[in-house]
Amino acid sequence: MRRSLALALQLAACAPHLAPADGGEPAQRPVTLRGHVRRSDTGEPITGALVFIECDCLERPREVITAAGPYEFTDLPPGSYTVLMLHEFAVRRSFTAAPGERWYIGFDVPPARSGR
C-alpha cells in the first residue's frame, strides 16, 4: 500500500499542469507544427529539404533538415509564425497559433526543371 501511494504521488508530479495559472488565466500550452515536404507529381518524400520557423516569440529561428519528408517542431510558444522551406527554391507560409494548437503545413514541390 505504501509503495502504491509513493508511485501515485510520483505519477501525479509528472502529469501536465492544465489548471488555470495565477489570476485565473488558462495555462500556456505549447504549440506543435508538423508537416511534410514531398514531390507534387509522385508524392514521394523529399529528403534534405531545409525548413525554418521564425517568430518574434522565439529567441532565434529554428530549423530542421528533412530525413524522410516529414518534419516537426514541438514546444513552441503561441504566436505568429513564418515557415520557410528551401529545396531548389523557397516557399514561405505564415500562421498564427493559439496555446495548445497543432498545425500541419505541407509543402508539395514540383519536379525540377531541366536545362537549368
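**Salt bridges and strands**

Good morning. I begin with Arg 39, which is partly exposed, with a relative accessible area of 31%. Please bear in mind that the model before you is predicted.

What does the side chain of Arg 39 meet in a salt bridge? The partner is Asp 41, with N and O 2.5 Å apart. Asp 41 also counts as partly exposed, at 43% relative accessibility. As background, side chains of opposite charge can pair when their charged atoms come close.

How many salt bridges does a search of the whole structure find? The search finds three.

Another of these joins Glu 72 to Arg 34, and the closest N and O atoms of this pair are 2.4 Å apart. Glu 72 is partly exposed, its relative accessible area being 40%. Arg 34 is partly exposed as well, with a value of 38%.

I turn next to Arg 38 and Asp 108, whose side chains meet in a salt bridge at 2.8 Å, N to O. This pair links distant parts of the chain, for Arg 38 is in strand β1 and Asp 108 is in strand β7, residues 102–109, 70 residues away. Arg 38 counts as partly exposed at 33% relative accessibility. Asp 108 is likewise partly exposed, with a relative accessible area of 42%.

Let us stay with strand β1, which spans residues 31–39 and contains Thr 32. Is Thr 32 buried or exposed? Thr 32 counts as buried, because its relative accessibility is 13%, and the cut-off for buried is under 20%. Setting aside neighbours within four places in sequence, Thr 32 is in contact with Glu 72, Phe 73 and Thr 74, and also with Glu 101, Arg 102 and Trp 103.

My last topic is a sheet. Four strands form an open sheet in the order β3-β2-β5-β6, with antiparallel pairing. Which strands are at the edges? They are β3, residues 62–65, and β6, residues 90–97, each of which pairs on one side only. From one strand to the next, the twist averages 15°.

Within this sheet, strand β2, residues 50–54, and strand β5, residues 79–86, run antiparallel and are joined by five bridges. As an example, Ile 53 has Val 83 in β5 as its bridge partner. Thank you for your attention.

Definitions and conventions: Residues numbered from 1 in each chain as written. Predicted model: local features only at pLDDT ≥ 70, side-chain atom pairs only at ≥ 80, totals over all residues. Heavy atoms only, no water. Helix = DSSP H or I, 4+ residues; strand = E, 2+ residues; numbered from the N terminus. Buried < 20%, exposed > 50% of the residue type's maximum accessible area, 1.4 Å probe, protein only. Contact = heavy atoms within 4.5 Å. Salt bridge = Lys/Arg side-chain N within 4 Å of Asp/Glu carboxyl O. Pairing = 2+ DSSP bridges. Axes fitted to C-alpha atoms, helices over the stretch in contact; angles between N-to-C directions.
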